[in-house]
Amino acid sequence: MFRKVLVANRGEIAVRVMRACEELGVRTVAVYSDADKHAGHVRYADEAYNIGPARAADSYLDQAAVLEAAAKAGADAIHPGYGFLAENAEFAQNVVDSGFVWVGPDPDAMEALGEKTNARALMQDADVPVVPGTTAPVSSVEEITAVADDYGYPVAIKAEGGGGGRGLKVVHSEDEVEKQFETAQREGEAYFDNSSVYVEKYLEAPHHIEVQILADEHGNVRHLGERDCSLQRRHQKVIEEAPSSILDAELREKIGEAAKRGVDAAGYTNAGTVEFLVEDGEFYFMEVNTRIQVEHTVTEEITGLDIVKWQLRVAAGEEIDFAQDDIAFDGHAMEFRINAENAAADFEPATGTLETYDPAGGIGVRIDDAVRQGDAIGGDYDSMIAKLIVSASDREACLTRSERALAEFDIEGLQTIIPFHRLMLTDKAFSNSEHTTKYLDEAVAQERIEEAVSQWGSSGADEAGDADDESEEAETTEREFTVEVNGKRFAVTLEEHGAPAIDVGAIDADSGGMDRPPQAAGDDESEAVSVEGGDTVTAEMQGTILSVDVEEGEEIAAGDVVCVLEAMKMENDVVTERGGTVTDIRVAEGDSVDMGDVLVVLE
Ligand code: MV4
């Protein structure tokens, strides 16, 4: 086993990986951006290195800085978590070439599966059903209409480098083909630097079923069962569960074996997920995610296996010590992403301070998080505060226990998605497992969401920043300080005897005495989008412009969507708070923007 592992990530997944290291007797190294000096993963690690001198949101993507920290720390392996560099085959190869072990699949397998038509061809050759369509990029309108002639409309045009819904265009009739073909190519170029597209028959109401697999370097491949991730909003998973209610034992066995055949053919090692669309009892390969996923937890709960520990063991060359038949699926588990989002306002990200953070507990409840009360939320990174994972003997018991756990979960100071989860637990389609991937986007009424938020929403969401009212005279003068020496972090405790409490200004009573970085404190801005100087719309976070939805000279009204900003895999509608005439558009599709950048000027 390794001696020391660097985790090239932040937040709950970094802590999740470090917990596995701890149990394996492996020392842990964190990297952090300036915005994250006091973040949970930094607090958890044995040592931590600053890699974020410039643009905070980009720090975790700075390959050279990560490798330099690993060398300084004397780490022998790098775990990428999910997001950031996790599916970057080139980085994986750089890690290996720099003499570290990559805790993930072979870089060549990552590359082979990252190209979608390549993955489709590979799966088809391995006898894994794929959605009918092309297994090579298309270069003409005729190739697209040919697919439609064979299988009928609608068809989907997808970007070769795509995934997560970006670069996906649905075509309902022949006269739309040319326009959507061009749009898909343009989007592929803008988001993935690759204008190649391919075509599939479009399934209208599929379930999203994904199979967890684990493979070692000795030729052993296992599947750890499936997860149902059909409850999604605009391609963002909201609730995930295992097992899926729509598979019977026979289909489960078939889809599990197909996933194993597919990754085996790709020479895959480590953990991974094979995504399928399932419709009318048939399953079709969609894509492979070559990383640990957010929702791996529900599989761990029903199998009793620690997937992250197995990632580390397999990467260290150990052999899987259980047979496929040894894996039992026990009970039912659901994961609820606890996002800082106002579901009633189109799920816009909420920012503020965790005035109260009191997670659920008790039997069947697991919390994966990296925050504590007093932390500032929002702005720099994605909006996930924590994951609540509930397990019970069967789905019905799991639903009941989830209601209990979500009612217990107390977050004050900013709005969260908890009211929406509680609504789903009372929802007939969800509780009967009738929901498909279309359900959230098309069939949940806005009034029901608004009602849920007013019934169960957080208080104090609009009063963030009044921490002064709550600060009291500290009884002890012992305080923790963080010292950074040559880019390495040390915790220091200072005690001053017989002196009054040190006045630390903005620090609130519950924050444990640790100051927070000013750029991460959302205490003067509880809205996701701000209008500064009364006539500009600015970016509230660093990201990429997916689309510009207004034109110069256009009259727009308060609440109109100005553009769509992608940050950390989230698509965010940027809305204007006041109406006016668009006089200047400062960004275009595909542009990178920083927090505070002006997007559009109004008059
Ligand atoms: C599809 C599809 C139906 N038919 N492909 C969305 C994410 C991207 N990875 C692929 N996606 C889809 N591809 C065919 N041929 C429906 C979707 C889809 C979807 C898939 C999984 C979960 C949620 C979804 C929501 C909308 C569309």
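Guide: The chain exposes about 24,400 Å², and carbon and sulfur atoms supply 43% of that area. Accessible areas come from the Shrake-Rupley method with a 1.4 Å probe, and for residues only the protein chains shown count as cover. This is a predicted model: local features need pLDDT of at least 70, side-chain atom pairs count only at pLDDT 80 or more, and totals for chains, interfaces and linings use all residues. Residues are numbered from 1 along each chain as its sequence is written, and side-chain values use heavy atoms, with hydrogens and water left out.

Visitor: What makes phenylalanine 91 and tryptophan 102 an aromatic pair?

Guide: Rings of Phe, Tyr and Trp (its six-membered ring) pair if their centres lie within 6.5 Å; planes under 30 degrees apart count as stacked, over 60 as edge-to-face and the rest as tilted. By this rule the count comes to nine aromatic pairs. Phenylalanine 91 and tryptophan 102 are 5.7 Å apart centre to centre with 85° between the planes, an edge-to-face pair. Phenylalanine 91 lies in helix 4 (residues 89-97) and tryptophan 102 in strand 5 (residues 101-102), so the pair ties together parts that are 11 residues apart in sequence. Helices (H or I, at least four residues) and strands (E, at least two) are DSSP runs, numbered from the N terminus.

Visitor: Why is the pair of tryptophan 310 and phenylalanine 322 called edge-to-face?

Guide: The ring centres of tryptophan 310 and phenylalanine 322 are 5.4 Å apart and the planes stand at 80°, so the pair is edge-to-face.

Visitor: Why does tryptophan 310 count as buried?

Guide: Buried means under 20% relative accessible area, exposed over 50%, and partly exposed in between (1.4 Å probe, protein chains only). Tryptophan 310 has a relative accessible area of 8%, so tryptophan 310 is buried. Phenylalanine 322, at 10% relative accessibility, counts as buried.

Visitor: How do you know that arginine 313 lies over the face of tryptophan 310?

Guide: A charge sits over a ring if NZ of Lys or CZ of Arg is within 6 Å of the ring centre and within 35 degrees of the ring normal. Arginine 313 lies over the face of tryptophan 310, at 4.6 Å from the ring centre.

Visitor: What joins strand 26 to strand 33?

Guide: Two strands pair if DSSP finds at least two bridges between them. Strand 26 (residues 536-538) and strand 33 run antiparallel and are joined by three bridges. Valine 537 has valine 600 of strand 33 as its bridge partner.
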